[in-house]
Number of protein chains: 4
Amino acid sequence: VNGTVNIAVIGATGYTGQELLKILARHPTATVTAVMTARPNHTPPPPALPVDAPVDPLDLDRLDDVDGVFLCTPHGAAAPLVQAAMQKGIKIVDLSADFRLQDQAAYQQTYGQEHPAPELLAQAVYGLTEHYRAEIRSAQLVANPGCYPTCILLGLKPLLDHNLVAPDATIVADCKSGVSGAGKQPGDRNVYGAVAQNFLAYGVGSHRHGPEIRQQAGTDRIVFVPHLLPMFRGMLATIYVSLAAGSTADDARSCLREVYANADFVRVYDRGQPEVNRVQHTNYADLAVADAGVEGQVVLTAAIDNLGKGAAGQAMQNMNLMLGLDEEAGLS
Amino acid sequence: VNGTVNIAVIGATGYTGQELLKILARHPTATVTAVMTARPNHTPPPPALPVDAPVDPLDLDRLDDVDGVFLCTPHGAAAPLVQAAMQKGIKIVDLSADFRLQDQAAYQQTYGQEHPAPELLAQAVYGLTEHYRAEIRSAQLVANPGCYPTCILLGLKPLLDHNLVAPDATIVADCKSGVSGAGKQPGDRNVYGAVAQNFLAYGVGSHRHGPEIRQQAGTDRIVFVPHLLPMFRGMLATIYVSLAAGSTADDARSCLREVYANADFVRVYDRGQPEVNRVQHTNYADLAVADAGVEGQVVLTAAIDNLGKGAAGQAMQNMNLMLGLDEEAGLS
Amino acid sequence: VNGTVNIAVIGATGYTGQELLKILARHPTATVTAVMTARPNHTPPPPALPVDAPVDPLDLDRLDDVDGVFLCTPHGAAAPLVQAAMQKGIKIVDLSADFRLQDQAAYQQTYGQEHPAPELLAQAVYGLTEHYRAEIRSAQLVANPGCYPTCILLGLKPLLDHNLVAPDATIVADCKSGVSGAGKQPGDRNVYGAVAQNFLAYGVGSHRHGPEIRQQAGTDRIVFVPHLLPMFRGMLATIYVSLAAGSTADDARSCLREVYANADFVRVYDRGQPEVNRVQHTNYADLAVADAGVEGQVVLTAAIDNLGKGAAGQAMQNMNLMLGLDEEAGLS
Amino acid sequence: VNGTVNIAVIGATGYTGQELLKILARHPTATVTAVMTARPNHTPPPPALPVDAPVDPLDLDRLDDVDGVFLCTPHGAAAPLVQAAMQKGIKIVDLSADFRLQDQAAYQQTYGQEHPAPELLAQAVYGLTEHYRAEIRSAQLVANPGCYPTCILLGLKPLLDHNLVAPDATIVADCKSGVSGAGKQPGDRNVYGAVAQNFLAYGVGSHRHGPEIRQQAGTDRIVFVPHLLPMFRGMLATIYVSLAAGSTADDARSCLREVYANADFVRVYDRGQPEVNRVQHTNYADLAVADAGVEGQVVLTAAIDNLGKGAAGQAMQNMNLMLGLDEEAGLS
């Protein structure tokens, strides 16, 4: 790609869409030519959007001159937009859940509806950037991972891939997220009085990111419990792993260091613990491995910004790769 | 005990001491006759303490006419006060860590100093009220449990006692606490900018409550990781348990219901999840068991107020029992 | 009244109604015999209400055996309930705005609708307890003041009544409230992401409490601006007063001390400033007067809990007086 | 200046210094060649500073090759550094209070010590960028304004300069700041338990920014009261102004629009109110004028980020002007 690229954003009124617009406003070579929403009257636009483009009603013709489109729509709503964009030959990063599960039946079971475009599933590349960089570069459609799967898999996948985890052992992923993950629409769950000075687990045993995590990890023995933190953005996963015989916490740490040696957005700690406020408003993922104090057990912690690396940041990384741009453009 | 009882509080300037004074102010038959601190100039007293008694420098003679004394002093400092009070025949609830570990060597290893009064260890009763009620009633010295051990053990101990947990399986206790657990003394860890909109694990594999939890649970295979919540008070433990063969989540829930059938301060949920804001400013412990979505695994959640049931509330419960009063006095 | 009194609460699902139930649960001589809501399906009841009475649909027959009823309904909805209760001869504390403004036209202008029961306006006593104690004792209908008027008037009214304020000078009342004042219904204004780490003025020049404040203060020259604090409960008013010629900050402070000498719930500071966390979960109002650093100007600060002294607490105080009970019952 | 400029930062461990390093890391033509602190062991450096330069102990020789230096030191400590830098001919932005007051006696009275370098006072330009742009461009030493003065003066100064304020009327500036304004050093005032869910006025009639505000406004009749918000960063000033006879809120708004027509960082609202979360992490100042609901009175509101436009952002603006760079470099 020579010079600048033209970018459209669909679904710009939510937290993720707005975060993406902020990133695009700092991007050196991307021009936002269309910002559209399928719910134009949903929320009055804030007085000063980070980019100058107005938020318009959805108009697929406006995709004709764009190089890439981000879809920040709810699950189920992305598929027809993907189909339209595929036909126009545009690069697509879909931030919804529609193309994350490769299996049609799993989608139906998890999201309670038939998959709206099963014929496209095979073409979708799972956008966990650091692990599928080559596939993403040549993809036309990237399914941007969920925030929880991103956080867990960045830490866990290298250990699984390198056989550092005891086979058949149960893995526990105890995750805590800021409330922005629940979206902008006011409700009983994100009203201030229900969030501030409160904490709870939710979706125990049934959260929709569970199947996505297990699919990507390649094992069904992952217990995943999300919790709601009394804060706005950022996420921490505490992952409890039984090591394979003969492996140590140092081995696990070394593995992460090697896997991410060239990954600018993943920082592996030598000592100390990740803190959410070190990754907020960034695209970083911070990882640490510590001895659990119990024979053969390690504690793997991972912190990301759920709106950054967990959504808009990773989406930008993926689009950069798909368009042949510098992977870090707009993100550092 | 006929009529009212006289109570002394030593170490009244911290969060726990102040919470205790609030409880005592509502107590129908307890009179606070002495509020003392070993650090009288440490913090200027707030303009309106919940009880009228002034905060005085430490004076052991003032224990002569009291029936019970609460020690809210730092670990290591409680032992000489306990010795003095024992000699006076006073009932003692020690909220410090000095008498929680029954083993002298474990104390030294955990707290980095020789135990200051090993000869008293055998007399100390562990004050997990609902589980040691009879022993507490006849004790002169009760070691009030740590907040994390209270939260974890109330949920876990019944399942262990009734053989519902798979033998030799690792148990994970992922705990999250409000920052009041770190005390009132300002430092890098509890300054507002380090807590608000932040979240992190700490003391991974090395927290001092680990040995206490394992001693009381009777197993070394408990991984315990505490985290710091961006809120003031309250705590949630998410406990991951492999069930014994043939046992189910329903069995675990029924077990808790039976064990706590007559425990007014423990509420076992049929459905839904405990939330910290339902137990704040109370002496309640809320428990739930849910299927983990992975064969043979359950998720046990427990919420308490770390300053309430996790400290001052349980201390009051214990003192009530020791003095022959209504267990709930001052607490409901 | 001999023995216990029977109390009904209508509109029990909001923050104010729940606070009132907590107070009533601690009340030594009040029995809650009916908890009703006109919106029974509005919000699922929390798992553990502070009192045992179920929340039932509205049924006016259940008022037959009660001595007093609290109305926690929205403005406009209280009037028919007041009419029904008046006919039954029951004591009524109306926490809505329906009877706060004595003037029918002012009501219509402020609330955008005709007054639903103008014939009752003359019987309503304004429930600023410390200032209208005698009238409240003999009233059948008390209009419980708004939270902002309570906070401002407790500080300002004594200075106006004792001619310590410069005639014709503009008085500024800059007020800041926790978000619970906006109610429990989720919306764009009280969703967590709009409140936490944010602050703003609202209703500048147009807030509905403005006419109520000016009516009670007896002057039109009060500029009142409310702000939304990133916290749940509690309120502070900073009131800027030009003193009458010859008067000093000490005079103003002495005036407050004398006026509130026998008022157990009003604390006048000698030095230092009120803090909202000293009045949260209480019925206290904390007041201070400080020199403004500009000739003839003083700064009067007042802190209350908007759900306590600003709503449910003062309502309880008023009901206690109306029923001949101890004014402090349930509140200390 | 051709190509890049070399920049030093002294006092890099506090919130302001770190904010400045973040801004400099995004600056297109500035290179940070020295990051020094006079308290090298004060706080352990965070694991990932926003710029790569290490934090070194103070060494004045390292100023030899820099074009500009930022001083983020406490008041009293800046003067000797200013003297050294002046002799080296370096451009200096001093973020401390040492050169904000033009009058030596006022400094002594306000800061309780003799001015450390009175001979330099005449050379210091007050860095309220939008109002002293020409002077700043040619200055060698800029005294960066305090956060409260910046917030208040951006709104108030145009109205005073254009005679829209009633002569001799008292002006009230009620200000609310996030706790980061109190600095990073832990203490009783910024510990989490004292800030969260709390609110209070402080420094009533005596805050050190009062003389600075009055000096710049050219009137002694400004009552200034700061308050501490339960949040980290950002600030709102609510300013109560009696208009000059014949003037209206519209006149005041038009005046602000004209004065700031070419000021990219000042946004004047047509309607609605500034919110702190729209200016956090930016260099914007948002202003609004509203009718107060009382004859002749308007309410002027101003929001800034106390660490941005109120400190590091404005400092960068000033340095850009002093070095002949684009005023917005690093800030948009």
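Ser242(C) sits in strand E11 of chain C, a strand that covers residues 235–242. This is a predicted model, and in it Ser242(C) has a relative accessibility of 15%, so the residue counts as buried.

**Ser242(C) and its surroundings**
- The side chain of Ser242(C) makes a polar contact of 3.0 Å with the side chain of Gln297(C).
- Beyond its neighbours within four places in sequence, Ser242(C) is in contact with Leu164(C), Val165(C), Ala166(C), Ala169(C), Gly296(C) and Gln297(C).

- Leu120(C) belongs to the loop between helix H3 (104–111) and strand E6 (124–126) of chain C.
- With 8% relative accessibility, Leu120(C) counts as buried.
- Once residues up to four places away in sequence are set aside, Leu120(C) touches Val82(C), Gln83(C), Met86(C), Phe99(C) and Leu141(C).
- Between the C-alpha atoms of Leu120(C) and Val276(C) there are 36 Å, and the two residues are 156 residues apart along the chain.
- Over in chain A, Ala290(A) is part of strand E13, residues 285–291, and is buried at a relative accessible area of 15%.
- Ala290(A) and Ala249(A) are 41 residues apart in sequence, while their C-alpha atoms are 6.2 Å apart in space.
- Leaving out neighbours within four places in sequence, the contacts of Ala290(A) are Ala249(A), Gln273(A), Val298(A), Val299(A) and, from chain B, Val204(B).

**The seven-stranded sheet of chain B**
- Chain B holds an open sheet of seven strands with mixed pairing, in the order E9-E10-E8-E11-E14-E13-E12.
- Its edges are strand E9 (200–201) and strand E12 (266–268), each of which pairs on one side only.
- Strand E8 (residues 171–177) and strand E10 (residues 222–228) of chain B run parallel and are joined by seven bridges.
- Along this pairing, Ala173(B) stands opposite Phe224(B), and Lys176(B) stands opposite His227(B).
- On the other pairing, E9(B) and E10(B) run antiparallel with two bridges, and Ala201(B) has His227(B) as its bridge partner.
- Seven of the seven residues of E10(B) are buried, so the strand is largely enclosed by the rest of the structure.
- Ile222(B), Phe224(B), Pro226(B) and Leu228(B) point one way from E10(B), with Val223(B), Val225(B) and His227(B) pointing the other way.
- Helix H5 (residues 147–161) of chain B lies across E8, E10, E11, E13 and E14 of that chain, and runs at about 30 degrees to E11(B).

**Where chain C meets chain D**
- Chains C and D bury about 3300 Å² between them, with 58% of it on carbon and sulfur atoms.
- On the chain C side, Gln197(C), Phe199(C) and Tyr240(C) lose the most area to chain D, together 18% of what that side buries.
- The contact draws 44 residues from chain C and 44 residues from chain D.
- Four salt bridges cross this interface, and 24 residue pairs are in polar contact across it.
- Among the elements of chain C that each supply at least two residues to this side are strand E8 (171–177), helix H6 (192–195) and strand E9 (200–201).
- E10(C) gives the largest share of the side of chain C that touches chain D, four residues.
- Lys176(C) and Asp174(D) form a salt bridge, with their closest N and O atoms 3.2 Å apart.

**Salt bridges elsewhere**
- Over all chains, the count of salt bridges comes to 61.
- Asp174(A), Lys176(A), Asp174(B) and Lys176(B) are linked in a salt-bridge network.
- Arg253(C) and Asp250(C) form a salt bridge at 2.7 Å, N to O; the two are three residues apart in helix H8 (residues 249–259), which means about one helical turn separates them.
- Within that pair, Arg253(C) is buried at 15% relative accessibility, whereas Asp250(C) is partly exposed at 47%.
- Asp286(C) and Arg267(C) meet in a salt bridge of 2.8 Å, N to O.
- Asp286(C) lies in strand E13 and Arg267(C) in strand E12, so this pair ties together parts of chain C that are 19 residues apart in sequence.
- Both Asp286(C) and Arg267(C) are buried.
- In chain D, Glu130(D) and Lys309(D) form a salt bridge, their closest N and O atoms being 2.7 Å apart.
- That pair links distant parts of the chain, 179 residues apart: Glu130(D) is in the loop between strand E6 (124–126) and helix H4 (133–137), and Lys309(D) is in helix H9 (residues 308–322).
- Both Glu130(D) and Lys309(D) are buried.

Notes. Residues are numbered from 1 along each chain as its sequence is written. Chains are lettered from A and ligands numbered from 1 in the order in which they are written. This is a predicted model: local features need pLDDT of at least 70, side-chain atom pairs count only at pLDDT 80 or more; totals for chains, interfaces and linings use all residues. Side-chain values use heavy atoms; hydrogens and water are left out. Two strands pair if DSSP finds at least two bridges between them. Contact means heavy atoms within 4.5 Å. Axes are lines fitted to C-alpha atoms, for helices over the stretch in contact, and angles run from 0 to 180 degrees between N-to-C directions. Buried means under 20% relative accessible area, exposed over 50%, partly exposed in between (1.4 Å probe, protein chains only). A polar contact is a pair of N or O atoms within 3.5 Å; within protein, one must be able to donate a hydrogen and the other to accept it, and residues adjacent in sequence count only if both atoms are side-chain atoms. Buried area is the accessible area (1.4 Å probe) that two parts lose on being put together, summed over both. A salt bridge is a side-chain nitrogen of Lys or Arg within 4 Å of a carboxyl oxygen of Asp or Glu.
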